[in-house]
Amino acid sequence: MSAQADYQASAWALAARADASLTVTLAGLGSAPAFVDVVDAALPVVDAFGDAAATLAADFYDLARAEAGAPGAYAAEPAASPTIDRVASVTGWGLRTGSDTSGQLALIRGGLVRAVTGTGRDTVRNAVARDRAAHGWQRIAGASACKFCRMLAGRGEVYHSSTARFASHDHCLCIASPAFAPGLAVTVEQYTATQRTISDQDRARLREFLAA
């Protein structure tokens, strides 16, 4: 299996696990939960899964780079997890928009999972902007993607600008995949493994998320 296919499957599994964890966490708040209670309960879940999604994407970038034979040495850095401001913004929007508690929590959950998966996309996009060997990034959609996502991915467009946005929606499972110029060669001396500071605890937590 290619690095991209393996990453796509793992990213989807991680998103599903985040959704399930948020479902249980938010349901435990009871009916008509207060804004601050939702934020306090959701933040650690979003932080943990955001870290995991970013770490997964950084490892994918390094593997994809090696598969492409990109010259030089570069190690992707995981993007930061969604901030408390992002969690609060999604929560406030969901509480204002939903017609009842069930609808409010569904909207909040969808927005927070989107924030989690966004850390993986940001990790790849940031790495592309900093890695001299990267040609750009592409949108990769799954077989069950919506028409909007399939249309964007179907263009096969390679985005070169670091300011190019990754259009997404709640429950969007599209990934960003790095593109490297064709015909590149790399020697063993040219390629070095990642030097990121990722603890054994981080990796253990990621394996736990994916296995659950």
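Modeller: Gladly! A cavity is a set of points, on a 1 Å grid over the protein atoms alone, where a 1.4 Å probe fits but cannot get out. Rolling a probe the size of a water molecule over the atoms shows where empty space is left. Grid points are joined across faces, edges and corners, and a volume is the space filled by probe spheres set on the points. By this rule there are two cavities of 30 Å³ or more.

Two notes before we go in. This is a predicted model, in which local features need pLDDT of at least 70 and side-chain atom pairs count only at pLDDT 80 or more, while totals for chains, interfaces and linings use all residues. Residues are numbered from 1 along each chain as its sequence is written, and side-chain values use heavy atoms, with hydrogens and water left out.

Helices (H or I, at least four residues) and strands (E, at least two) are DSSP runs, numbered from the N terminus. The protein chain has six helices and two strands, in the order α-α-α-α-β-α-β-α from the N terminus on. Of its 212 residues, 44% count as buried, where buried means under 20% relative accessible area, exposed over 50% and partly exposed in between, with a 1.4 Å probe and protein chains only.

Now to the largest cavity, which holds about 140 Å³ of space. It is lined by 15 residues, a lining residue being one with an atom within 4 Å of a point. Closest to its centre are Y7, A11, A53, T117 and I175. Helix 1, helix 2 and helix 4 each give two or more residues to this lining, and helix 1 has the largest share, with five. By class, the lining of the largest cavity has twelve nonpolar, two polar and one charged residues. Here Ala, Val, Leu, Ile, Met, Phe, Trp, Tyr, Cys and Pro count as nonpolar, Asp, Glu, Lys and Arg as charged, and the others, Gly among them, as polar.

Two of those contributors also pack against each other. Helix 1 (residues 3-27) and helix 2 (residues 35-68) meet at an angle of about 175°, with their axes 10 Å apart. Axes are lines fitted to C-alpha atoms, for helices over the stretch in contact, and angles run from 0 to 180 degrees between N-to-C directions. Helix 1 is therefore roughly antiparallel to helix 2, since angles over 145 degrees count that way, under 35 as roughly parallel, 65 to 115 as roughly perpendicular and the rest as oblique. Their contact is made of 20 nonpolar, four polar and two charged residues.

I175, one of the residues closest to the centre of the largest cavity, belongs to strand 2 (residues 175-180), in which six of six residues are buried. In a regular strand the side chains alternate between the two faces of the sheet. Both faces of strand 2 are covered, with I175, S177 and A179 buried on one side and A176, P178 and F180 buried on the other. Strand 2 pairs with strand 1 (residues 134-140) in the antiparallel sense over six bridges, two strands being paired if DSSP finds at least two bridges between them. Within this pairing, I175 is the bridge partner of I140.

By class, the second largest cavity is lined by three nonpolar, two polar and two charged residues.

Finally, compare an open space: a pocket is an open set with protein on both sides within 12 Å along at least five of seven lines. The largest pocket has a volume of about 310 Å³. Of its 15 lining residues, R86, R114, G118, D122 and S168 lie nearest its centre. Four nonpolar, five polar and six charged residues make up the lining of the largest pocket.
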